[in-house]
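Visitor: I would like to understand the words that are used to describe a structure like this one. Could you take me through them slowly?

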Amino acid sequence: EPNDRDPLRFALTGEAGLNDGTAFPLAMLGLGLLGVHELGEKGWRWAAVDVLWAVPAGLMIGSGLGWAVSRLVIYLRRTHREAVGLDDFLALGLICLSYGTALLAHAAGFLAVFAAGLALRRAERQSRGGRPPEDVRDAALATHPEKAPAYMAEAVLGFNEQVERLLEVGLVLLLGGMLTRVRPPWEAFWFVPLLALVIRPVAVIVGLVGSGVSAFRRDLICWFGIRGIGSLYYLMYAVDHGLPGDLARRLTDLTLLVVAVSVVMHGISATPLMARYRRWTEARHKRRRREALVSSLRAD
């Protein structure tokens with residue numbers, strides 16, 4: 001939800017947006033080590049172009065375009081009562097514009113789209129001036145002097161949520177159809193468990209050092225790994241760079257198996273684990289309210 005403040009969902013959503021884009025330099029390094037991407041002598045080109053340029057440039061391009069588009073639309077609606085409606089196409093247009101511009105500039109396209117979304121949301125938050133969010137789903141508010149940014153942001157986010165769900169269904173169906181052609185490589189029998197049960201938890205634990213996240217939330221973040229569209233994107237990106245046929249087939253089979261196992265494991269465990277998490281959260285809030293009440297009585 002746009003106004004959700006739960007640390008678990010925020011952490012997983014933030015990771016979903018950032019991990020695909022920040023994987024770009026490592027993917028290019030892997031392609032370079034396979035001999036299908038130019039790294040430069042001692043890796044200078046990879047460090048300069050794929051790391052020092054691609055990541056910051058993607059963030060700057062996305063932020064700039066997201067800020068410019070949001071300001072332009074808000075200005076047209078507030079001042080001229082134009083550009084009203086079709087917020088669905090505004091979302092798609094901003095995605096395509098950010099991603100395409102980043103690719104033309106040899107920057108990270110995923111990070112550009114992520115930054116554009118953040119800039120769009122930031123414009124809405126600034127328009128509220130720190131006030132709590134309101135219900136702005138009434139179309140009459142699209143040209144309101146103060147609530148136009150919030151209406152635009154809510155409409156775009158709502159459309160994105162619907163598109164995401166439709167794409168998830170389509171991708172899962174496509175994945176299921178492709179699995180009939182998969183020939184599991186021998187690496188899958190040790191790599192998939194290693195990735196899900198060792199690499200993922202260790203990476204999360206190291207990344208959350210000093211964050212103050214509770215042990216239960218940390219364990220859930222460790223379990224709910226995100227391995228989906230980004231994996232398929234980089235797989236196709238690598239194949240398009242001219243991987244040898246045998247290697248491309250092995251990587252395709254391995255990637256599809258990892259995603260399929262993730263879909264099954266996390267799909268089955270999500271409902272019971274999140275139900276337990278809700279009970280834990282409610283109990284924690286009640287305990288904090290009791291402690292606050294006791295402290296207040298003692299102070300009196």
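Visitor: How many aromatic pairs does the structure hold?

Guide: The structure holds twelve aromatic pairs, where rings of Phe, Tyr and Trp (its six-membered ring) pair if their centres lie within 6.5 Å, and where planes under 30 degrees apart count as stacked, over 60 as edge-to-face and the rest as tilted. Please keep in mind that this is a predicted model, in which local features need pLDDT of at least 70 and side-chain atom pairs count only at pLDDT 80 or more, while totals for chains, interfaces and linings use all residues. Residues are numbered from 1 along each chain as its sequence is written, and side-chain values use heavy atoms, with hydrogens and water left out.

Visitor: What makes the pair of Phe-216 and Trp-280 edge-to-face?

Guide: The ring centres of Phe-216 and Trp-280 are 5.2 Å apart and their planes stand at 65°, so the pair is called edge-to-face. This pair links distant parts of the chain, with Phe-216 in helix H8 (residues 215-223) and Trp-280 in helix H10, 64 residues apart; helices here (H or I, at least four residues) and strands (E, at least two) are DSSP runs, numbered from the N terminus.

Visitor: How do you know whether Phe-216 is buried or exposed?

Guide: Buried means under 20% relative accessible area, exposed means over 50%, and partly exposed lies in between (1.4 Å probe, protein chains only). Phe-216 has a relative accessible area of 17%, so Phe-216 is buried, whereas Trp-280, at 26%, counts as partly exposed.

Visitor: Which aromatic residues form one cluster?

Guide: One aromatic cluster is formed by Phe-24, Tyr-99, Phe-110, Tyr-233, Tyr-234 and Tyr-237.

Visitor: How many helices and how many strands are there in the protein chain?

Guide: The protein chain has ten helices and zero strands, and, read along the sequence, its pattern is α-α-α-α-α-α-α-α-α-α. Of its 300 residues, 35% count as buried.

Visitor: Why is H7 called oblique to H10?

Guide: Two packed helices are described by the angle between their axes and the distance between the axes. Helix H7 (residues 188-207) and helix H10 (residues 245-299) pack at about 50°, with their axes 10 Å apart; axes are lines fitted to C-alpha atoms, for helices over the stretch in contact, and angles run from 0 to 180 degrees between N-to-C directions. That angle makes H7 oblique to H10, since angles under 35 degrees count as roughly parallel, over 145 as roughly antiparallel, 65 to 115 as roughly perpendicular and the rest as oblique.

Visitor: Which residues make the contact of H7 and H10?

Guide: On the side of H7 they are Ala-188, Phe-191, Val-192, Leu-195 and Ala-196, and on the side of H10 they are Leu-254, Leu-257, Val-258, Val-261 and Met-265, where contact means heavy atoms within 4.5 Å. By class these residues divide into ten nonpolar, no polar and no charged, given that Ala, Val, Leu, Ile, Met, Phe, Trp, Tyr, Cys and Pro count as nonpolar, Asp, Glu, Lys and Arg as charged, and the others, Gly among them, as polar.

Visitor: What makes Asp-253 count as buried?

Guide: The relative accessibility of Asp-253 is 4%, so Asp-253 counts as buried. Asp-253 lies in helix H10 and, not counting residues up to four places away in sequence, touches Arg-181, Val-182, Arg-183 and Pro-185. Thr-252 also has its place in helix H10 and is buried, with a relative accessible area of 17%; leaving aside neighbours within four places in sequence, Thr-252 is in contact with Leu-235 and Val-239.

Visitor: How do you know whether Pro-25 is buried or exposed?

Guide: With a relative accessible area of 8%, Pro-25 is buried. Pro-25 is found in helix H2 (residues 24-33), and, not counting residues up to four places away in sequence, Pro-25 touches Trp-46, Asp-50, Val-51 and Val-55. From C-alpha to C-alpha, Pro-25 and Asp-50 are 5.3 Å apart in space, although 25 residues apart in sequence.

Visitor: Why is Gly-30 called partly exposed?

Guide: Gly-30, in helix H2, has a relative accessibility of 28%, so Gly-30 counts as partly exposed.
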